[in-house]
Amino acid sequence: MKAAVIVFPGSNCDRDVQVVLRESMGSEPLMVWHGDATLADVDLIVVPGGFSYGDYLRSGAMAAQSPVMKDVVAKAKKGVPVLGICNGFQVLTECGLLPGVLMPNAGLKFVCKDIHLRTEAADTPFTQGYDKGQVIRVPVAHHDGNYFTDDDTLKRLNDENRVAFRYVNADGQTSKEGGNGANPNGSMDDIAGIFSAARTVLGLMPHPERLSDPAMGGTDGRPMFDGLVQALG
Amino acid sequence: MKAKVHVTLKPGVLDPQGKAVLHALEALGFGGVDGVRQGKFIELDLKESDPKKAEAEVEDMCKKLLANTVIEDYRVDISEG
């Protein structure tokens with residue numbers, strides 16, 4: 001399996017993803033600079049977290065227009081799996097691969113802490129390492145993670161089972177189900193991550209790559225990468 | 001030519017920053033404010049000298065970059081440099 005990690009000025013989780021992919025794949029992922037016009041043929045593209053272009057204008061807006069993203073979008077449309085984490089999720093909404101937008105957190109504060117997620121769909125390469133309904137602990141670290149979309153799109157996401165993860169408490173309850181305070185950013189319908197219609201693109205605000213090694217205090221993020229390697233060979 | 005672009009949140013989209021500003025104004029004793037919506041103001045110096053063409057070009061810029069039309073509206077005003 002070959003994977004590529006896109007690196008923008010201001011990316012800061014590119015190395016974290018590089019390490020996890022190296023561990024899971026047993027080989028080196030390509031690190032691809034944003035200014036490159038094209039991307040080698042790979043089985044997985046990761047758009048990592050960080051603060052590309054200093055979040056100027058809107059989070060992810062500048063990165064979405066950078067040269068390499070044209071090829072990322074073209075490859076995604078051909079079915080190459082694309083994973084966007086945190087700022088990567090923001091970039092994927094800005095370039096139209098995923099619907100909606102990540103708005104400033106409802107509490108207006110940068111939120112940096114471990115949270116719990118419930119796996120809402122385990123039938124994709126990204127989530128097959130988890131069981132449906134499984135609760136995992138991973139960190140969030142963002143200012144703009146408040147997912148928003150129009151009512152029709154929200155209905156479609158739910159009807160098509162395209163919500164990948166929801167924010168829950170340790171017992172697996174969303175804020176609506178009694179998990180008070182489980183939603184860290186005011187995200188619509190407690191959404192933490194969504195799939196594209198073809199289920200080949202996943203964007204999520206939390207950072208599975210940051211809890212993927214026992215030395216980091218947790219490994220709940222690791223099955224995402226191991227599952228991807230298993231699915232994509 | 002100059003273009004002045006106002007980017008504002010669409011009606012109905014929650015604006016936490018606007019709400020915080022409203023609360024701060026209330027705390028300062030300005031009781032006469034019913035609501036605050038915060039947006040962006042962008043000024044562009046354009047090479048184009050034809051106002052119609054300039055407006056069309058800036059509209060295109062708004063759609064492609066300056067505004068996210070999922071949540072934002074924009075207004076373009078063109079004036080002589």
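User: Where does A:His143 lie in chain A?
Analyst: This is a predicted model. In it, A:His143 lies in the loop between β7 (135-142) and β8 (146-148) of chain A.

User: Which residues does A:His143 touch, leaving out those up to four places away in sequence?
Analyst: A:Pro104, A:Asn105 and A:Phe110.

User: How does A:His143 count, and why?
Analyst: A:His143 counts as partly exposed because it has 17 C-beta neighbours inside 10 Å. Buried would take 20 or more.

User: How far apart are A:His143 and A:Ala215?
Analyst: They are 26 Å apart in space, C-alpha to C-alpha. In sequence, 72 residues separate them.

User: Switching to the core. Which residues touch the most other members of the largest nonpolar core?
Analyst: A:Ile6, A:Val82, A:Leu92 and A:Ala164. That core has 68 residues.

User: What does A:Leu92 touch, not counting residues up to four places away in sequence?
Analyst: A:Leu92 touches A:Val47, A:Val82, A:Gly84, A:Leu97, A:Leu98, A:Val201 and A:Gly203.

User: And what does the second core include?
Analyst: The second core is separate and has eight residues. Among them are B:Ala54, B:Val58, B:Leu66 and B:Ile78.
Analyst: As background, nonpolar side chains tend to be buried together in soluble globular proteins.

User: Now helix α2 of chain A. Which of its residues are buried?
Analyst: The helix covers residues 67-77, and A:Val68, A:Met69, A:Val72 and A:Ala76 are buried. Seen down the axis of α2(A), the buried residues fall within an arc of 100 degrees, so they line one face.

User: What does the face turned away from the buried side carry?
Analyst: On α2(A), that face carries the exposed residues A:Pro67 and A:Ala74.

User: What covers the buried residues of α2(A)?
Analyst: The cover includes five strands of chain A: β1 (3-7), β2 (30-33), β3 (44-47), β4 (82-85) and β11 (201-204).

User: What comes just after α2(A)?
Analyst: A:Gly79, with a positive phi of about 105 degrees.

User: What about phi in residues other than glycine, say A:Leu108?
Analyst: A:Leu108 has a positive phi, near 65 degrees. Most residues other than glycine have a negative phi. A:Leu108 lies in the loop between β5 (101-103) and β6 (111-119) of chain A. With 13 other C-beta atoms within 10 Å, A:Leu108 is partly exposed.

User: And where is A:Asp189 found?
Analyst: A:Asp189 is in the loop between β9 (163-168) and β10 (191-195) of chain A. A:Asp189 is not a glycine, yet its phi is positive, about 55 degrees. A:Asp189 counts as partly exposed, with 15 C-beta neighbours inside 10 Å.

User: Staying with β10(A), how many of its residues are buried?
Analyst: Five of the five, so β10(A) is largely enclosed by the rest of the structure.

User: In which sense does β10(A) pair with β9(A)?
Analyst: Antiparallel, over three bridges. A:Val163 has A:Ile194 of β10(A) as its bridge partner.

User: How many bridges join β10(A) to β11(A)?
Analyst: Three, and these strands run antiparallel. Here A:Ile194 has A:Gly203 of β11(A) as its bridge partner.

User: What do β10(A) and β11(A) form?
Analyst: A hairpin, with five residues between the strands. In the turn, A:Arg199 has a positive phi of about 65 degrees.

User: On to chain B. Which pattern does chain B follow along the sequence?
Analyst: The pattern is β-α-β-α-β. That gives two helices and three strands.

User: Is chain B spread out or compact?
Analyst: Chain B is more spread out than a compact globule, because its radius of gyration is 16 Å, well over the 12 Å that the globule rule gives for 81 residues. Its C-alpha atoms fill a box of roughly 45 × 25 × 15 Å along the principal axes. Of the 81 residues, 14% count as buried.

User: In chain B, what share of contacts between residues at least 6 apart in sequence join residues at least 24 apart?
Analyst: The share is 68%.

Key: Residues are numbered from 1 along each chain as its sequence is written. Chains are lettered from A and ligands numbered from 1 in the order in which they are written. This is a predicted model: local features need pLDDT of at least 70, side-chain atom pairs count only at pLDDT 80 or more; totals for chains, interfaces and linings use all residues. A nonpolar core is a set of buried Ala, Val, Leu, Ile, Met, Phe, Trp, Tyr and Cys residues joined through C-beta atoms within 7 Å. A residue is buried if 20 or more other C-beta atoms lie within 10 Å of its own, exposed if 12 or fewer, and partly exposed in between; C-beta atoms are placed from the backbone. Two residues are in contact if their C-beta atoms, placed from the backbone, lie within 7 Å. Helices (H or I, at least four residues) and strands (E, at least two) are DSSP runs, numbered from the N terminus. The radius of gyration is taken over C-alpha atoms; the globule rule is 2.2 Å times the number of residues to the power 0.38. The arc is that of the directions from the helix axis to the C-beta atoms. Two strands pair if DSSP finds at least two bridges between them.
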